[in-house]
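User: I would like to go through the terms used for this model. Please set each value against its definition.

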2 protein chains.
Amino acid sequence: MHLLRVLKSLFRVVAYRTKMGISELGTQLAYAGLNQLLKRDSTDADPDIPDDDVNNPVENEIFSSWALFILIMLLIGSLWTSYYLQQKRIQAIHETVVSIFAGMIVGLIIRISPGHYIQDVVTFKYSWFFNLLLPPIILNSGYELNQANFFRNIGSILTFAIAGTFFSALVLGLILYIWTAIGLEGLNMSLVDAISVGATLSATDPVTILSIFNTYKVDPKLYTIIFGESLLNDAICIVMFETAQKFHGQKVYFSSLFKGMGMFFMTFTISLMIGALVGVMTALVLKHSHVRRFPQIESCLVLLFAYGSYFFSTGCHMSGIVSLLFCGITLKHYAYYNMSRRTQIATKYIFQLLAQLSENFIFIYLGLSLFTEVELVYKPMLILVTTAGICVSRWAAVFPFSRLINFVSRARTSHLGLHQTTEEIPPPYQMMLFWAGLRGAVGVALAAGLEGEHSNALRATVLVVVVLTVIVFGGTTARMLEILGIRTGVIEETESDDEFDIESRGAAAAIPLSNSSGSMPAGRMRRSTSYHDDDSEFGSGDDDGLPPMHPSQQDQARASSTSLSNILSRTVDNPGQWFKEFDDQVLKPVFLDNPSNDRH
Amino acid sequence: MHLLRVLKSLFRVVAYRTKMGISELGTQLAYAGLNQLLKRDSTDADPDIPDDDVNNPVENEIFSSWALFILIMLLIGSLWTSYYLQQKRIQAIHETVVSIFAGMIVGLIIRISPGHYIQDVVTFKYSWFFNLLLPPIILNSGYELNQANFFRNIGSILTFAIAGTFFSALVLGLILYIWTAIGLEGLNMSLVDAISVGATLSATDPVTILSIFNTYKVDPKLYTIIFGESLLNDAICIVMFETAQKFHGQKVYFSSLFKGMGMFFMTFTISLMIGALVGVMTALVLKHSHVRRFPQIESCLVLLFAYGSYFFSTGCHMSGIVSLLFCGITLKHYAYYNMSRRTQIATKYIFQLLAQLSENFIFIYLGLSLFTEVELVYKPMLILVTTAGICVSRWAAVFPFSRLINFVSRARTSHLGLHQTTEEIPPPYQMMLFWAGLRGAVGVALAAGLEGEHSNALRATVLVVVVLTVIVFGGTTARMLEILGIRTGVIEETESDDEFDIESRGAAAAIPLSNSSGSMPAGRMRRSTSYHDDDSEFGSGDDDGLPPMHPSQQDQARASSTSLSNILSRTVDNPGQWFKEFDDQVLKPVFLDNPSNDRH
């Protein structure tokens, strides 16, 4: 009730001031406005229903203004907390946890206060989430991605993201199916529904953990694996969920599993291609036009093309997340060099700002939803079992596959006679991978699509479990990093442009896979020299007083220029190697602009 | 039907590709998706109604994705046209006109195609307009405002914006009242309703005309007056409209006029104060904290504070536009200097990008609405009379008040013995002011709030008249500039940062009212020297090959440093002069940061 009182007293002040001038405005209306806001006039139910809406836009305007104002205040509060925590170097709590709690408190206030209007406005709307909040985060992830690290670890990332998530969803689905089959809570689910919930709760969150890792500047290898996994497995969970929902109410055969897997791989590939094609198209448009003379239009176009790929892909029943992610990567890899200097900076900053706002918003929203979603049914036992279940399923997703990766990596290393394995994941990293399996808003948004009689109970379970994992795992990640002795404070190139030295940084961060001094076409690509300059700067980033790179990476880099067998081993080790050379010799000359353009 | 066919064939291609992999996904679903999209399943009516929404989010997701994709394609098209027109230096047509036509064509396609789903999604939603589209434009206007020019012409701006708009609304209201009293079309309106419509159609549009003026780099004095007038008169029309609507159905006395005027002035003042306070508060927060060490958070906070002022002001029944405008001005005047370099650039670019997207969006939306708003009733005679009426009312708003300004200006000049008048508005400028009176989206958004039995006819009239004025006046502005012999190609400081020289430009554009070398406190403000440097650069901006400033301004600047009587005359002439000195001596030392911070 505190917020309400604050609001009411605020109104009294305004009303008092207003009364000095005239009597009607302010006094009656502002106060009545607040009361109406709380008591909910039936005509104000939904600002998007045209019939009601047309009749009193000014009134509705006031209501939505207050709702938006409250949300903005929450955002400011959460950002300020974030600043304060970073400024005071407080490691025990993290801003996302604070955001969730702030959301919960405000949600509780809204819940116990009379009236439904604000409650309706702030309810978790999956469509907002998918169309407004998620795209900036994914786009920024792709744009900010350290491409060298990402492609270096692509094997591990894909193993965890695809096989791990698939296995995790199956395990959690089975646990839930068995639990409900026991029938202690009067719930009974089909296997397909159980696997749907399993898929929903296998989407690990790319936001919290990465914001924590960013704060502590965790070792890039671990960062990259967790980043890549959590980004891709969202897409995988969405596709799995949709596939499972298609079998809802149908008889399931063992062959359905393979059918589902086929559908998944196709969706993934087509989505990736849509994203990459849009990115390449943007690069070509920027190359063959003079849009860079109008940087304002150019920035808008880049943003719109990226969003276009997301909505087109979603509209085609593909995965918008995958498309947008790879569109972001392609944009940064090719189109970025064809942009005017101003657009390069503008797009970077805009994507970052939108992503930051969305992230904070999502956690506030999650907290709010706990109390403002009215029809949820909370089943304590189910929640407990599910919480235990996600730990088991995460365990099942991380440890067996880590062993597999280590085994393959060692076998390859001994086969090729290298001293150090490059892909191996040491036990502390495995534990951290397990710990990083906190669930996020994608799961909650997916759960909105659950069908059947128990959907409200399941939705409530998903929401509570997600909030619990964020609070428990998110709140203890910093401590866990210490306990496991994982190196922090590693300054990556991507982190170095706090102040205004984008010139050097932008170039350095965008050289993917450039560890080897492969042959470059000197004729068309006069810029290749600058690539090499940046390359060496990039490879020896640990010389200037920064903590050293991970030893395995250094070894890899050192080994790269010695013998033929090592070059061979590197090519086998790094599945992206062939692409790097193809990229340098064929793609870049086609997609990149001639360096003799008007950029400096 | 063309778009539909394109979409369907697109789907067929996707379906074909998809069929190769599996049979269900893609083929059936994507095709069925499009059909459903057109035939409108009742559950997909509104994506924001939670009950329907919860049940099939994936389906709804697909529909809204297509709608958003179409809008993004339209935006890309309109931006590309804008680029093409600027690139080829085509002056006959302007992008806003193209946007409206593109919107109309797509609207027509949607209208004649079966189904309502897209139609519902793309209907003009006043709440989107007020909460999403308008704020970025206004904020960017305030942030980009040439403060020196604005405050130099503040007298003319306020005269046109307040007195002119008030008079215009009354004249148009009377014309409509008399026309409907004749009763040719079976409409009868009360005087209050007629004045409501008058207010709706007195809001001149700050978007089109300024984008045209920006393209042609029109003389800054004329630009500033039209800019200031169109910005402020939106706020005034909103307040007038709300005031008039409060008298809806009541008996109106002559005293109501004065009451309304009182309400208006209070609203304006309080709104201005809210905006300025938020701006100053932001400056103080930035000064007294270390947020600038975290530029990402800083950028978000600046944006959120600005939006907060808008929604707070609207929530308090004040004018959000006025608050946001003055918040933007205050932010640029004080807070800008306390920001990190990165945030300065980031906020500038982000505000510009958001404003650009919103502007294009609004015109597409207007075009769409002509065909997609189903319940509109078009009355040709009323539309004709209203079109004539707005010309008469604009005439009444511009010419008498221009005479008044010229009379006062001349009287003051002869009284003070100056050779040249500073505020005088020559006849070509008056004509251009008349021509710049095209109406925009604010009017359409306000018209959504009209009540009574004839509201649909009135809404249709407003929409058609707005589109007509944009097409006719907007399409002929370039020609009119030529005919009237108004100087174009004047390069302002605000226009000079196409490439990446923000360092000098940002400083130059942000020195408001700094024509006189007033005394500055040397102790706290070590930065004052750099102000003077920039100041002289700013004053003599016409030496480096650029077209000269307006003669009256030069005279004013020259006269400023000669004799006591001239200083006196300048102070009387320029109502902002006393503020400038107060600002330099008291406000800036308090609000601005010490120059010894970590900015370079």
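User: What is the handedness of the crossing of helix 11 of chain A and helix 20 of chain A?

Analyst: The crossing of these two helices is right-handed; the word applies if the near helix is turned clockwise from the far one by less than a right angle, and left-handed if anticlockwise. This is a predicted model, with local features needing pLDDT of at least 70 and side-chain atom pairs 80 or more, while totals for chains, interfaces and linings use all residues. Residues are numbered from 1 along each chain as written, and chains are lettered from A and ligands numbered from 1 in written order.

User: Why are helix 11 of chain A and helix 20 of chain A called roughly parallel?

Analyst: Helix 11 (residues 208–216) and helix 20 (residues 455–484) of chain A cross at roughly 25°, and their axes come within 10 Å. Angles under 35 degrees count as roughly parallel, over 145 as roughly antiparallel, 65 to 115 as roughly perpendicular and the rest as oblique. Helix 11 of chain A is therefore roughly parallel to helix 20 of chain A. Helix 11 of chain A contributes Thr208(A), Ile209(A), Ile212(A) and Tyr216(A) to the contact, and helix 20 of chain A contributes Val470(A), Gly474(A), Thr477(A), Ala478(A) and Leu481(A). A contact has C-beta atoms, placed from the backbone, within 7 Å.

User: What angle do helix 9 of chain A and helix 10 of chain A make?

Analyst: Helix 9 (residues 154–182) and helix 10 (residues 191–200) of chain A pack at about 130°, and their axes are 7 Å apart. That angle makes helix 9 of chain A oblique to helix 10 of chain A. Their crossing is right-handed. On the side of helix 9 of chain A, the contact involves Ala169(A), Leu170(A), Leu172(A), Gly173(A), Leu176(A) and Tyr177(A), and on the side of helix 10 of chain A, Leu191(A), Ala194(A), Ile195(A), Val197(A), Gly198(A) and Ala199(A).

User: How many helices and strands does chain A have?

Analyst: Chain A has 25 helices and 0 strands, counted as DSSP runs (H or I, at least four residues; E, at least two) numbered from the N terminus.

User: What makes Ser196(B) count as buried?

Analyst: Ser196(B) has 30 C-beta neighbours inside 10 Å, so it counts as buried (20 or more is buried, 12 or fewer exposed, in between partly exposed). Ser196(B) sits in helix 10 (residues 191–200) of chain B. Beyond four places in sequence, Ser196(B) is in contact with Phe241(B), Ala244(B), Gln245(B) and Leu450(B). Its C-alpha atom is separated by 14 Å from that of Met261(B), 65 residues apart along the chain. In chain A, buried residues make up 53% of the 600 residues.

User: Where does His317(B) lie?

Analyst: His317(B) lies in the loop between helix 14 (295–315) and helix 15 (320–333) of chain B. His317(B) is not a glycine, yet its phi is positive, about 60°.

User: How do you know whether His317(A) and His317(B) are buried or exposed?

Analyst: His317(A) has 23 C-beta neighbours inside 10 Å, so it counts as buried. With 22 such neighbours inside 10 Å, His317(B) also counts as buried.

Definitions and conventions
Axes are lines fitted to C-alpha atoms, for helices over the stretch in contact, and angles run from 0 to 180 degrees between N-to-C directions. Two residues are in contact if their C-beta atoms, placed from the backbone, lie within 7 Å.
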